[in-house]
Amino acid sequence: MGQESGTAVPDVGAAVAAADAARTRLDFAKAAPKVFRAIIGLDAAARAGLDPALVELVQIRASHLNHCAYCLHMHTNDARKAGESEDRLHMVAVWREAPHFFTEREQAALALTEAVTLVSGGVPDDVYARAAAHFDEGELAQLLGLIMTINTWNRVALATGKVAGTDERRPANR
């Protein structure tokens, strides 16, 4: 462990491994393989044709809202690998306060992500209209599918106690 300002810096890798080993909930992919593969299929279909950077921003924002550390860790790493800037990644949670980091199209997608993720009050007409102004009908349907899919993944991860810092997307799971 290193020292930083007199405090010990935890060995994150060891902590992740210990937390993952202590997890006692079911392995969803093994327990319900058909359902798991269906969600993977839905995920692939939903993201088809959408800008990969936009896909990651949407997944990151939904994961923030759902408090899904597992998916948030995974998708911020995916976004970095795809070339997303640290500045934009840090601003996703507060995009309304820092709109200059995001295009109008991205802002519309983030607003729709919030409305669909926090759907208890419905999706406001102005939020839907803003998204419809930036996405054609097919893209809007894809975007809605993507938002629904990440919300499903967040719920799977939260319900089964997935540990942030692990990434179980391996060919064996698919």
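His67 is located in the loop between α4 and α5 (69-81), where helices (H or I, at least four residues) and strands (E, at least two) are DSSP runs numbered from the N terminus. Although His67 is not a glycine, this residue has a positive phi of about 55 degrees. His67 is exposed, with a relative accessible area of 67%; buried means under 20% relative accessible area, exposed over 50%, and partly exposed in between (1.4 Å probe, protein chains only). The model is predicted, and local features need pLDDT of at least 70, side-chain atom pairs count only at pLDDT 80 or more, and totals for chains, interfaces and linings use all residues. Residues are numbered from 1 along each chain as its sequence is written, and side-chain values use heavy atoms, with hydrogens and water left out.

A nonpolar core is a set of buried Ala, Val, Leu, Ile, Met, Phe, Trp, Tyr and Cys residues joined through side-chain atoms within 4.5 Å. The largest such core has 25 residues, and Val58, Leu112, Leu143 and Leu146 have the most contacts inside it. At least two residues of this core are supplied by each of α4 (52-65), α7 (104-117), α8 (125-134) and α9 (137-159), and the largest share, six residues, comes from α7. Leaving aside neighbours within four places in sequence, Val58 is in contact (heavy atoms within 4.5 Å) with Ala109, Thr113, Leu143, Leu146 and Ile147. A second, separate core of 15 residues includes Phe28, Tyr70, Val156 and Ala157.

Thr149 lies in helix α9 and counts as buried, at 0% relative accessibility. Not counting residues up to four places away in sequence, Thr149 touches Ile39, Leu42, Asp43 and Ala46.
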